[in-house]
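Dear colleague,

My notes on it follow.

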Amino acid sequence: MRPVLNFPPALLLRAQPVRVLFLDVDGVLTDGSLYFSEAGETLKRFHTLDGHGIKLLQRAGITPAVVSGRDSAALRARLSALGVAQLRLGTEDKAPAAEAILAELGLDWTAAAAMGDDWPDLPLLRRAALAVAPPTAHAEVLAVAHHITARAPGAGAVREACDLLLIASGVYAQALEAASR
């Protein structure tokens with residue numbers, strides 16, 4: 001099976017050294033809506049395309065890391081189901097949280113991609129070798145993004161970022177072929 005996805009060569013070159021993808025949650029892994037139950041529990045909606053993309057990244061040796069200002073049982077359950085081990089939840093100051101993850105992984109910002117949608121994500125997006133934003137992101141975030149996804153947040157935007165990294169790392173076609181057998 002021949003892949004149909006393609007990205008500009010300059011974008012693929014920028015993405016080649018990436019070994020960690022920092023993800024925001026609300027407005028990236030979700031559509032940004034916040035739902036609260038009568039008991040005050042936060043409910044979130046996640047998309048299976050994004051989850052499978054995260055699993056494919058892990059198989060390719062690229063670490064997904066979540067740095068979010070919010071924390072919830074729903075979020076922790078989803079990330080646990082996906083096997084995401086690098087988490088910094090409930091943190092408003094995202095740069096030090098991301099830098100701690102980079103230190104744990106023995107990496108620096110030249111090996112990092114970040115995906116975010118609002119001002120709290122700007123410190124990561126500005127430092128990362130590859131900055132990705134969903135199309136609904138704030139104008140200041142869109143202005144610094146190297147890639148703006150065609151897919152909406154919470155509806156495959158993260159998968160698009162994962163596919164970009166998989167193509168850049170040279171494993172996408174082989175993974176697609178194995179999946180289509």
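Please note that the model is a predicted one. Cysteine 162 belongs to helix H7. Apart from its neighbours within four places in sequence, cysteine 162 is in contact with Leu21, Gly53, Ile54 and Leu57. Between cysteine 162 and aspartate 50, the C-alpha to C-alpha distance is 8.2 Å, while 112 residues separate the two in sequence.

**Helices H2 and H7**

Helix H2 covers residues 48-59 and helix H7 residues 157-168; their axes come within 7 Å and cross at roughly 25°. Since angles under 35 degrees count as roughly parallel, H2 and H7 are therefore roughly parallel to each other. Their crossing is left-handed. On the H2 side, the contact is made by Leu49, Asp50, His52, Gly53, Ile54, Leu56 and Leu57. H7 contributes Ala157, Val158, Arg159, Cys162, Leu165 and Leu166. Sorted by class, this contact of H2 with H7 has 9 nonpolar, 2 polar and 2 charged residues.

**Glutamine 86**

Is glutamine 86 buried or exposed? With a relative accessibility of 13%, glutamine 86 counts as buried. Its contacts, leaving aside neighbours within four places in sequence, are Thr63, Pro64, Ala65, Val66, Ile101, Glu104 and Leu105.

With kind regards

Terms used
Residues numbered from 1 in each chain as written. Predicted model: local features only at pLDDT ≥ 70, side-chain atom pairs only at ≥ 80, totals over all residues. Heavy atoms only, no water. Buried < 20%, exposed > 50% of the residue type's maximum accessible area, 1.4 Å probe, protein only. Contact = heavy atoms within 4.5 Å. Axes fitted to C-alpha atoms, helices over the stretch in contact; angles between N-to-C directions. Helix = DSSP H or I, 4+ residues; strand = E, 2+ residues; numbered from the N terminus. Parallel < 35°, antiparallel > 145°, perpendicular 65-115°, else oblique. Left-handed = near helix turned anticlockwise from the far one by under 90°. Nonpolar A, V, L, I, M, F, W, Y, C, P; charged D, E, K, R; others polar.
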